[in-house]
Amino acid sequence: MLCCDETVTLYHRSYDTASRADVWSRTVYTTASWYGGQAATVSDNGLMTADTYTVRIDTDAAIPAAPGDVLVRGEVTDTVTGSTALTRKYQGRCMVLTHVQDNRRGARRLWHWKLEGK
């Protein structure tokens with residue numbers, strides 16, 4: 001894929017039945033593209049805006065990503081026990097995933113994963 005010159009770090013949450021706790025694993029991807037923008041919604045409280053991000057990762061391997069996981073722009077090595085520590089520390093260059101899409105079909109040169117979040 002073109003323009004995949006960014007590095008991102010994915011923090012994936014899974015549940016460990018033995019310890020009865022969430023476990024966060026860290027994976028670094030060096031072939032990603034990161035795009036940001038603004039989204040707006042209208043509610044009874046008025047107009048509300050939020051930063052939104054779309055990241056595409058060029059890989060033919062499965063990515064262990066799910067809504068609620070955290071993606072940080074750049075390579076980081078933090079050990080975390082929850083998403084709040086990451087979103088506070090990397091405010092403005094991280095997102096909590098809201099949508100994960102596997103686009104590994106069709107021509108191989110276009111295969112990628114699309115991750116969206118706020």
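Is tryptophan 34 counted as buried or exposed? In this predicted model, tryptophan 34 counts as buried, at 8% relative accessibility.

**Figure 1. Six strands close into a barrel.** The strands follow one another in the order S1-S2-S3-S6-S5-S4, and their pairing is antiparallel. On average, neighbouring strands of this sheet are turned by 45° against each other, direction ignored. The views that follow take up parts of this barrel and the contacts made by particular side chains.

**Figure 2. Strands S1 and S2 run antiparallel and are joined by ten bridges.** S1 covers residues 6-16, and S2 covers residues 21-43. Within this pairing, threonine 9 has valine 28 of S2 opposite it. The two strands form a hairpin with four residues between them. In that hairpin, arginine 20 adopts a positive phi near 55°.

**Figure 3. Strands S2 and S3 form a hairpin with two residues between them.** S3 comprises residues 46-57, runs antiparallel to S2 and is connected to S2 by twelve bridges. Alanine 32 has isoleucine 57, in S3, as its bridge partner. Another position in this pairing is glycine 36, which stands opposite tyrosine 53 of S3.

**Figure 4. Tryptophan 34 and tyrosine 53 form an aromatic pair.** The structure holds one such pair. Its geometry is tilted, with 5.4 Å from centre to centre and 50° between the planes. Tryptophan 34 belongs to strand S2 and tyrosine 53 to strand S3, so the contact ties together parts that are 19 residues apart in sequence. Both partners are buried: tryptophan 34 has a relative accessibility of 8%, and tyrosine 53 has a relative accessible area of 11%. Tyrosine 53 thus takes part in this aromatic pair and also stands opposite glycine 36.

**Figure 5. A salt bridge joins glutamate 6 to arginine 73.** Side chains of opposite charge can pair when their charged atoms come close. The structure holds five salt bridges, and the one shown here has an N to O distance of 2.6 Å. The pair links distant parts of the chain, with glutamate 6 in strand S1 and arginine 73 in strand S4 (residues 70-73), 67 residues apart. Arginine 73 is partly exposed, its relative accessible area being 30%.

**Figure 6. Aspartate 78 and lysine 89 form a salt bridge.** The closest N and O atoms of the two residues are 2.7 Å apart. Aspartate 78 lies in the loop between S4 and helix H1 (83-89), whereas lysine 89 lies in helix H1. The two residues are eleven residues apart, and their pair links distant parts of the chain.

**Figure 7. Lysine 114 and glutamate 116 are partners in a salt bridge.** Their closest N and O atoms lie 3.5 Å apart. Lysine 114 is buried because its relative accessible area is 18%, and buried means under 20%. Glutamate 116 counts as partly exposed, at 24% relative accessibility.

Definitions and conventions
Residues are numbered from 1 along each chain as its sequence is written. This is a predicted model: local features need pLDDT of at least 70, side-chain atom pairs count only at pLDDT 80 or more; totals for chains, interfaces and linings use all residues. Side-chain values use heavy atoms; hydrogens and water are left out. Two strands pair if DSSP finds at least two bridges between them. A salt bridge is a side-chain nitrogen of Lys or Arg within 4 Å of a carboxyl oxygen of Asp or Glu. Buried means under 20% relative accessible area, exposed over 50%, partly exposed in between (1.4 Å probe, protein chains only). Axes are lines fitted to C-alpha atoms, for helices over the stretch in contact, and angles run from 0 to 180 degrees between N-to-C directions. Rings of Phe, Tyr and Trp (its six-membered ring) pair if their centres lie within 6.5 Å; planes under 30 degrees apart count as stacked, over 60 as edge-to-face and the rest as tilted.
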